[in-house]
Structure formats: C-alpha cells, structure tokens
Amino acid sequence: MQYLVSVIHDSNELAAPDEMAAIDAFNDRLIAEGHWVFAGGLGSTSLATVIDNRGGEAMITDGPFLESKEYIVCFWIMEAPDLDVALKLASEASKACNRKVEVRPFL
Amino acid sequence: MVAALTRRFGDLDIAEEAAAEAFATAVGRWPADGVPPNPGAWLTTTANRKAIDRIRRENKLGDKHKEAQMLSGDDPPEPLGAIEDERLRLIFTCCHPALAMETRVALTLRMVGGLTMPEIARAFLVQEATVGQRITRAKAKIKAARIPYRVPSAEDLPGRVSGVLAVLFLVFNEGYLATGPGTDPVRHDLTGEAIRLTHLIRALMPEDGEVAGLLALMLLTEARRAARVSAGGELVALDEQDRGAWDAALVAEGHRLVRERLAARVAPGRYQILAAISAVHTSALDVRDTDWSQVVALYDQLVRLDPSPIIALNRAIAVAELDGPEVALAAVDRLEHQLAGYHAYHATRADLLRRLGRSQQSRAAYGKAIELAGNTAETAALTRRRDQLG
C-alpha cells in the first residue's frame with residue numbers, strides 16, 4: 001500500500017540546514033526500512049502552468065489551478081502496510097522538515 | 001446470507017445487523033490479513049457469532065440480575081475471549097484519530113453498540129441521513145486509507161486510549177442526560193453500553209489510571225440512576241435524591257476503583273478527579289454530611305488540569321455549599337460571556353438567586369434555563385422550581 005505525504009506550507013523557502021540534515025536522516029531511514037518509494041521538492045506555484053485539452057484545443061493558462069495561502073511544496077510517496085504506520089512515518093516527516101503534512105492513500 | 005441467518009435466529013433485524021457487521025469486519029480485516037480461503041464460509045461464521053453475541057447482549061439487558069453482574073464483578077479481569085478481542089479491535093478502529101469525533105461516536109454506537117441509524121440520529125439530534133452519510137464516509141475511509149482493524153501495540157496504546165475514552169464518555173453522557181423532546185430522559189441502553197465497553201478497555205489495560213477513573217465515574221453516576229428521575233418524570237437534583245434508592249453494589253464497585261487509584265499515588269487525570277468527586281458525594285448517606293471542602297479541593301485540582309468554564313461552574317456550585325450563595329454567585333457571574341448559551345449556567349444562577357431571596361431575577365434566570373434545556377425531565381424540574389418562587 002502506498003501513501004502520498006504532501007508537505008503543506010505557505011512559502012517555498014528552502015529548508016534550513018538543520019532541517020535539511022533531519023530530512024536526509026529521515027530519508028535514509030525510510031530507505032533502510034523499506035518505506036521509500038519517491039520524494040521530491042516542487043517549484044513555487046508561480047511557476048505552474050495549467051493545461052485544459054478537454055475541448056479539442058489545448059488551453060494553456062499561467063498560474064496554479066487553485067490560488068491558496070498554503071500549497072504543496074514537496075512530497076513523499078511511502079510504502080506502508082496500513083494507515084497507522086503511514087501516520088507514524090508522516091509525523092516523523094513533519095518533524096524532520098518542520099512543516100505540516102497531509103497523508104492520502106493511493107487507490 | 002441474511003435469509004439463512006433469519007431462518008436460524010428467527011429475527012430479520014438481528015440477521016441484517018449481523019450480516020452487515022460481518023461484512024464491515026471483513027472490510028476492516030481482509031485488506032490487512034488477506035482474504036480467507038473460503039470467504040463465504042468466513043462471513044457466515046462471523047455473522048453467526050455476531051448474531052449470538054447480540055442476542056446474548058439483549059437477553060442481558062432484559063435481565064436485572066445478569067445486568068448487575070455485567071456492570072460490576074468482572075474483577076479480577078478474566079482473560080478475554082474471541083468475541084471480546086474482536087470488539088476491542090472494532091472499538092479501536094471506530095475511534096481511530098483519523099476520523100472526526102462525531103463520526104467516531106456514531107460509528108462506535110453503530111458497529112460496536114449495535115444501535116440503529118434512527119436511534120443514533122435521535123440520540124444526537126441530527127438527521128438520519130447525516131448519520132448514514134457519516135458512517136458511509138467513515139467506512140469508505142477505513143477501507144481506502146486502510147485504517148487497521150487491530151488493537152494498537154503496547155507502545156501506541158496509551159496515546160490511543162484517551163480518544164476511545166472520550167468517545168465512551170460522550171456515549172455515556174448522552175445516555176445519562178438524553179436530549180430531545182421525544183426521548184426518555186435517561187437512556188439506559190447508552191449508559192449500559194458505555195459501561196460495558198469501558199469494562200472491556202479496563203480488562204485490556206488494568207493499570208491505566210484514567211480507564212479506571214472513567215469506569216468508576218460511570219458506575220457512581222449509573223448507581224444514582226433510579227433516584228434521578230421522579231415518578232412524575234422530573235429530574236431530581238443530587239441534594240433532593242432518595243439516597244436509599246442508589247445502587248449500593250455499583251457505589252461499592254466505584255468506591256473500590258477510586259481507592260485503588262488513590263493507593264497508586266500517581267497524579268490523577270480528569271476522569272479520576274471527577275470519579276473522586278462523585279465518590280465524595282456517594283459517601284454521604286445524607287446530603288448534609290457531604291464533605292464540601294473535599295469537593296471544592298478536588299474541583300481546584302480539576303481546574304488546574306482543565307480550565308474550561310463548565311468545570312468552573314460546577315466548582316461554584318460546591319463553593320455555594322462551603323462559602324455561601326453570594327460568593328458562588330459572584331464566581332458564576334464571571335462566566336457569563338462564555339456560558340450565556342448554556343442552560344446549566346442559568347439554572348445555577350436561578351438557584352443561587354432564589355437562595356439569596358432575589359425572586360424576580362431568579363424567575364428570569366429559570367426562564368432562560370427552561371428555554372435552553374433539551375432534556376424533558378430537566379425542563380419539568382426547572383419549571384416546577386420557577387413556579388414555586390414566591
């Protein structure tokens with residue numbers, strides 16, 4: 001079972017050095033314990049482009065599909081047997097990166 | 001399957017419930033444990049067990065003697081059987097922190113308590129459709145997000161049990177002071193279920209102080225049930241209750257638990273303090289023998305843990321007995337901006353004003369309390385008190 005752990009924040013400021021060190025240590029543990037699938041940081045929402053090709057002609061718009069104060073700044077995809085394990089990992093992730101996270105299961 | 005179960009048990013409701021519960025169990029369990037080799041047979045066996053369990057429970061509810069046994073006397077805790085194990089797993093799944101509080105309550109009552117959707121809707125004054133939606137959404141989340149169907153590990157248990165106790169306390173309170181014009185003022189099905197489930201949690205965690213505290217609190221409250229509503233359907237306040245009508249066995253069991261916690265010499269949590277307050281009240285054979293200084297001291301301890309205005313209001317009621325109604329009224333009036341919409345705030349003020357001889361103001365306060373109270377027996381008692389004012 002895989003879970004998307006999104007990091008929610010109100011700025012794209014890079015992680016501070018101590019946060020980065022904590023994230024690296026956490027990632028090493030994810031890999032060692034078999035929970036690691038993928039992770040990555042995202043560019044700011046001002047770099048986003050929306051495309052809608054439902055009408056036959058691709059409409060390209062500048063900006064995110066939704067303006068909000070907080071948005072996804074990076075994410076993990078984790079392997080976990082159930083939500084309890086995923087929540088535990090996610091709470092460690094939140095501590096490591098010093099930001100709020102959201103957990104959603106893949107279907 | 002429902003048909004086969006109905007044939008066997010001669011009751012469509014039981015059969016439907018049992019089948020639904022068996023499916024829900026499967027939904028919770030199969031994703032984690034794997035689908036059993038013969039799913040159909042597994043479901044039938046599980047449903048049969050659920051039906052038998054429910055029939056046993058209902059027989060118990062109808063039988064006073066057995067009921068007393070169910071509420072007390074499970075000490076020392078017996079080893080848990082397969083059915084109890086399953087109920088515990090269900091409780092922890094239903095009370096999972098990833099579900100919203102009102103959902104946890106509804107789900108626990110439906111899946112563990114076996115209440116119907118209309119019963120749950122009535123108990124919490126919400127539309128039946130709302131309860132249905134909550135439960136459907138919760139089941140979908142349990143399945144898709146894979147909320148596990150198991151009792152948490154020993155290391156996680158202390159963190160998870162407080163959420164379960166909060167749900168059980170809500171269920172108990174709703175049973176004890178049921179809301180809604182058409183409902184019985186005291187719903188024993190809810191209080192009894194909450195006590196039964198708390199016993200189960202205690203068997204799982206016999207050393208946990210708050211579990212013991214909540215159980216003691218429920219038992220000492222339940223012990224006063226018969227004295228709490230008059231023959232005329234009025235709520236009888238603690239100071240006017242016939243103390244001879246209290247259930248001595250439940251009082252003794254509650255006191256034993258409170259003493260056990262005192263002997264443990266560990267700083268008590270809120271359920272333990274509330275239980276201790278209840279123990280002080282139930283120790284007095286006559287209301288005039290109540291040790292009010294002890295009650296106020298316990299409330300002082302509670303206020304430090306939980307600075308909520310409702311605790312402060314209850315503390316003021318005890319202060320009235322110790323330091324007089326004038327001191328208490330000053331304390332109550334300070335809570336106005338927080339509690340103006342709460343019936344007990346106005347009822348307390350009305351009572352204190354009455355004792356101070358300020359009839360006019362007392363009448364107005366009773367009026368507000370009556371307007372806001374949801375419990376039928378409580379409204380009746382408030383109305384009588386108002387009409388007795390000179």
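This is a predicted model: local features need pLDDT of at least 70, side-chain atom pairs count only at pLDDT 80 or more; totals for chains, interfaces and linings use all residues.

Residues are numbered from 1 along each chain as its sequence is written, and chains are lettered from A in the order in which they are written.

In chain A, helix α1 (residues 17-32) packs against helix α2 (residues 83-97) at an angle of about 150°, their axes lying 7 Å apart. Helices here are DSSP runs of H or I with at least four residues, numbered from the N terminus. Axes are lines fitted to C-alpha atoms over the stretch in contact, and angles run from 0 to 180 degrees between N-to-C directions. α1(A) and α2(A) are therefore roughly antiparallel, a term for angles over 145 degrees. α1(A) contributes E19(A), A22(A), I23(A) and F26(A) to the contact, and α2(A) contributes E92(A), A93(A), A96(A) and C97(A); residues are in contact if their C-beta atoms, placed from the backbone, lie within 7 Å.

Between the chains, eight residues of chain A are in contact with seven residues of chain B. On the chain A side, α2(A) gives the most, with three residues.

In chain B, 13 of the 14 residues of helix α11 (residues 209-222) are buried, so this helix is largely enclosed by the rest of the structure. By contrast, Q388(B), found in helix α21 (residues 376-388), is exposed, with 9 other C-beta atoms within 10 Å. Buried requires 20 or more other C-beta atoms within 10 Å, and exposed 12 or fewer.

Technical notes:
Helices (H or I, at least four residues) and strands (E, at least two) are DSSP runs, numbered from the N terminus. Angles under 35 degrees count as roughly parallel, over 145 as roughly antiparallel, 65 to 115 as roughly perpendicular and the rest as oblique. Two residues are in contact if their C-beta atoms, placed from the backbone, lie within 7 Å.
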